[in-house]
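This report is meant for a reader who is meeting the structure for the first time. Please keep the sequence and the model in view while going through the sections.

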Amino acid sequence: MKNKQKRNSLYISFIVSVILCSCSGMEQNEHTNIIIFLTDDQGYNDLGCYGSPTIKTPNLDEMANHGIRFTNFYAQPLCGPSRAALLTGSYPIRIAEPNNTKGFHTKLHPKEITIAEVLKKKAYNTACIGKWHAGEETEQMPLKQGFDYYFGTPKYNGNTKLIEQSKHRSIVLRNNDTLNVINKVKEMGQLTQRYTKEAVNYIRSNKNKPFFLYLSHNMPHVPLGASEDFRGKSAGGFYGDVIEELDWSMGEVLRTLKEESLEENTLVIFVSDNGPWIEGKIGDHAGSAFPLRGSKAQTWEGGVRVPCIMQWKGKLAEGSVNHELLTTMDFLPSFAELAGIQMPDTIAIDGKSFKDVILHNKESEHDRFFYYAFTHLQAIRDKEWKLVLPRTKKPAYMKWRGRRIDGVEGIQLFNLIEDKEEQYNLADKYPDKVKELMLLIEEGRTELGDCNCIGQGARFYDSSPMSARIEEFYKSEISKKREN
């Protein structure tokens, strides 16, 4: 009898210990893991589920089948500003930069608060793998902006079709240590697989605690690179090879989450930083924004409306398409709300939480979106209409990219529900809507600023004159107008 009681006591102790271990594991994973899978210069049309006729993306298509595909999701028209907006939840023109300047590619002031810094309030482990491009000084780099781990390139990988055409060379860092310099096409082609391996290892190493992974691929920014496993395989040309390898990368991330039983506890977001590369033959080195008008650097829809897919197994309505107005600036307040973090009232941000949009199919809290090219406010949209302001072509403030900026002679008005291609100007037909949107334009100019004025809500942390916020390139444009 005593032996039986002892065996029963041991059995009960074993069961209790199993339950306690299970509870402990649940506590470790009580917060939602978050992964942002960001691509660079990928067009709206460059996925199978967004209509690409030549590029095969089975993993991202399957992700859309198990989650939500968005049709009105916005970023910024260029790499640096887009990343800064994503990380801080703010329009780039609002964001503080060192010495109160406003760089063409936004450089985060060390006092700016990023997603990573917010999530660390709930003990999230945070990692940035891939392209950073939000400042190159030590105080602006990931480890000083809330990230526990960094592996990737500090800035863009180049600005020419082929790596040999430019003197620019990217370095690859692990935390603060330089691993190597990318000098050859073959080395450029290894980046996607290197990032993917790092991401998979990071997920496995942090599966028992809440984590935030910002996986920011260099591709398909020029110069392009694809590994031998994918080179020459896509019907979409070299560009298609690159996209199909990125699709493979997403597949590896999703497979890892499944193997580690993390699917139901992880929100995965795929998104591009802006529209496709502005020059070159589609399939060669350039993507497609079809049916949208325009491309990278432009504030037509093709430059800023980007593909976005979200998956969160068991939480999101599978196979749904969402048409609400959302932006990458919404990531910060959305993640904070999902993690139960109260955002401070002292810092103004422009993003709105989309928690109820994705979980309960509610309407977006956005009633407007401002289109900025550098510091120039060029357009605004509400839930249905877009108003485009007059502008000169080939502006100096856009540097060499200005050659692709077209002029607009008068105010243009488009109904984006019926005319997402921006083909039919209805400004004369709907003057009241023009007046309504012009009032919102003035509100934006007052709060955020414009090329020739400082916004009341723009952030400044240094003792330099606030006027430094007006970039010298745009000052030259203003001088020309005065002379004329």
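Predicted model: local features only at pLDDT ≥ 70, side-chain atom pairs only at ≥ 80, totals over all residues.

In general, the strands of a sheet pair through backbone hydrogen bonds, and they do so in either a parallel or an antiparallel way.

Within this sheet, strand β14 (residues 376-381) and strand β15 (residues 385-388) run antiparallel and are joined by three bridges. Alanine 379 has valine 388, in β15, as its bridge partner.

## Helix α9

Helix α9 spans residues 331-339, and because eight of its nine residues are buried, the helix is largely enclosed by the rest of the structure. The buried residues are Phe331, Leu332, Pro333, Ser334, Phe335, Ala336, Leu338 and Ala339. After α9 comes glycine 340, which has a positive phi, near 75 degrees.

## Aromatic rings

The structure contains 22 aromatic pairs. Through ring pairs, Phe331 and Phe335, both among the buried residues of α9, belong to a cluster that also takes in Phe70, Phe73, Trp132, Phe147, Phe212, Tyr214 and Phe354.

Arginine side chains also lie over aromatic rings. Arginine 231 is placed over the face of phenylalanine 238, at 4.0 Å from the ring centre, while arginine 293 is placed over the face of tryptophan 300, at 3.6 Å from the ring centre.

## Cysteines without a disulfide

How many disulfides does a search of the whole structure find? The search finds zero. Cysteine 308, accordingly, is in no disulfide, and the nearest cysteine sulfur, which belongs to cysteine 49, is 11 Å away. Cysteine 308 is also buried, its relative accessible area being 0%.

Cysteine 451 counts as buried because its relative accessibility is 7%.

## Isoleucine 454

Strand β18 (residues 453-454) includes isoleucine 454. With a relative accessibility of 26%, isoleucine 454 counts as partly exposed. Computed along the sequence, isoleucine 454 is 267 residues apart from glutamate 187, and in space the two are 43 Å apart, C-alpha to C-alpha.

How values were computed:
Residues numbered from 1 in each chain as written. Heavy atoms only, no water. Phe/Tyr/Trp six-rings, centres within 6.5 Å; stacked < 30°, edge-to-face > 60°. Lys NZ or Arg CZ within 6 Å of the ring centre and 35° of its normal. Disulfide = S-S within 2.5 Å. Buried < 20%, exposed > 50% of the residue type's maximum accessible area, 1.4 Å probe, protein only. Helix = DSSP H or I, 4+ residues; strand = E, 2+ residues; numbered from the N terminus. Pairing = 2+ DSSP bridges.
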